[in-house]
Amino acid sequence: MRRGPFREGDRVQLTDQRGRLSTVTLTSGDAFHTHRGYLPYAELVGLPEGSVVRNTAGVEYLALRPLLSDYVLSMPRGAAVVYPKDAAQIVGMADIFPGARVIEAGVGSGALTMSLLRAVGDAGSLHSIERREDFAAIARGNVETFFGGAHPAWTLSIGDLADVLPVVTAPASVDRVVLDMLAPWENLDAAATALAPGGVFIAYVATTTQLSRLAEDVRADGRYTEPQAWESMVRGWHLEGLAVRPEHRMIGHTGFLLTTRRLADGVDAPVRRRRPSKGAYPTDGTGAPLGEWTAEELGERAVSDKKVRRVRRDVGQGPSAD
Ligand SMILES: C[S@@+](CC[C@H](N)C(=O)[O-])C[C@H]1O[C@@H](n2cnc3c(N)ncnc32)[C@H](O)[C@@H]1O
């Protein structure tokens with residue numbers, strides 16, 4: 001991270017009087033042009049962060065270097081990025097610590113990569129694996145722009161996680177595996193081999209169907225603890241005089257997170273004391289899986305015929321006596 005007065009090559013976030021943000025790079029001889037005047041970048045060079053500058057038409061801008069959370073939302077994207085609120089949850093709940101040995105896939109645009117690098121620090125190691133060469137190139141550009149060059153803890157490999165991971169890591173040598181991809185369950189075996197006992201596996205998925213598949217496959221694998229899943233919703237607040245209330249708009253959905261931990265080899269996952277609710281796993285009574293979903297199979301409580309008859313009577317619609 002750069003500190004001190006603005007220099008050529010810095011990314012700077014300009015906020016106008018209406019709160020609109022523009023992120024610019026201080027390129028020599030260039031300027032920030034708008035329909036109301038322009039601001040030569042040379043006027044920013046040498047000023048401290050938090051300065052207010054005026055363009056040629058007198059429009060004022062507050063100038064700051066973007067925070068990581070600002071940067072990921074304004075940087076060029078190939079794939080969708082993990083939002084700052086989810087990156088914060090991943091770092092916190094997967095316990096990504098300074099010095100940790102972490103595997104990440106896929107890399108996409110590199111947004112989550114930057115939070116992971118911040119958390120492991122220079123003494124840690126983050127090996128990021130991305131199967132698309134073009135996305136990997138975008139991620140490298142974003143990460144190196146943000147850190148002002150190559151990060152000492154970062155290695156980026158191109159390929160499929162299941163192929164690359166066994167080649168780049170010895171068994172049981174990794175503290176954390178972080179997956180953001182369409183089908184994370186396809187990599188549970190490779191992740192279990194790489195993770196040290198007690199290591200954390202965390203995956204970010206966008207839909208409930210992915211979450212369900214992942215949870216069941218984690219249980220079926222046998223080398224992981226009982227999975228935990230959650231989502232986070234962040235509601236901003238409007239602060240103006242007495243009008244202190246939640247913002248009217250918010251991001252309603254980004255994704256779900258699931259964590260589990262690697263058991264020691266040869267240990268059976270403890271038997272769950274709580275039995276799954278009746279019908280949570282659809283079968284035809286002989287144990288064979290059923291194709292169709294019913295209300296009970298989705299965990300809804302079955303309503304007895306007796307109750308339905310009573311409710312019908314209560315609303316004056318009782319069945320006829322015959
Ligand atoms: C949603 S993007 C990741 C975004 C990234 N976390 C970020 O914050 O910018 C998912 C990425 O996973 C990659 N991917 C999917 N399956 C993969 C696999 N098996 N191995 C490696 N990369 C994979 C895709 O090419 C894609 O770039």
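Me: How do the residues of the shell around the ligand divide into nonpolar, polar and charged?
Reply: This is a predicted model. In it, the shell around the ligand has 13 nonpolar, four polar and five charged residues.

Me: Which residues are the closest to the ligand?
Reply: The ligand is surrounded by 22 residues, and the closest are Ala79, Gly106, Gly108, Ala111 and Met181. Helix H3 (111-120) and strand S8 (125-130) each contribute at least two residues to the shell.

Me: Turning to the sheet, what is the order of its strands?
Reply: The sheet is open and has seven strands, in the order S9-S8-S7-S10-S11-S15-S12, and the pairing is mixed. Strands S9 (154-158) and S12 (228-230) are at the edges with a single partner strand each, so one side of each has no neighbour in the sheet. On average, neighbouring strands are turned by 15° against each other, direction ignored.

Me: How many bridges join S7 to S8?
Reply: Strand S7 (residues 101-105) and S8 run parallel and are joined by five bridges. Glu104 stands opposite Ser128 in S8.

Me: And where does helix H7 pack?
Reply: Helix H7 (residues 208-221) packs on the sheet, where it touches S11 (195-205), S12 and S15 (256-261). The direction of H7 makes about 5° with that of S15. Helix H4 (residues 133-147), for its part, lies across S8 and S9 and runs at about 165° to S9.

Me: One last topic: how many residues of H8 are buried?
Reply: Zero of the ten residues in helix H8 (residues 305-314) are buried, and the helix is hardly covered. Just after H8, Gly316 has a positive phi of about 70°.

Notes:
Residues numbered from 1 in each chain as written. Predicted model: local features only at pLDDT ≥ 70, side-chain atom pairs only at ≥ 80, totals over all residues. Buried ≥ 20, exposed ≤ 12 C-beta atoms within 10 Å, placed from the backbone. Helix = DSSP H or I, 4+ residues; strand = E, 2+ residues; numbered from the N terminus. Near = placed C-beta within 6 Å. Nonpolar A, V, L, I, M, F, W, Y, C, P; charged D, E, K, R; others polar. Pairing = 2+ DSSP bridges. Axes fitted to C-alpha atoms, helices over the stretch in contact; angles between N-to-C directions. Contact = placed C-beta atoms within 7 Å.
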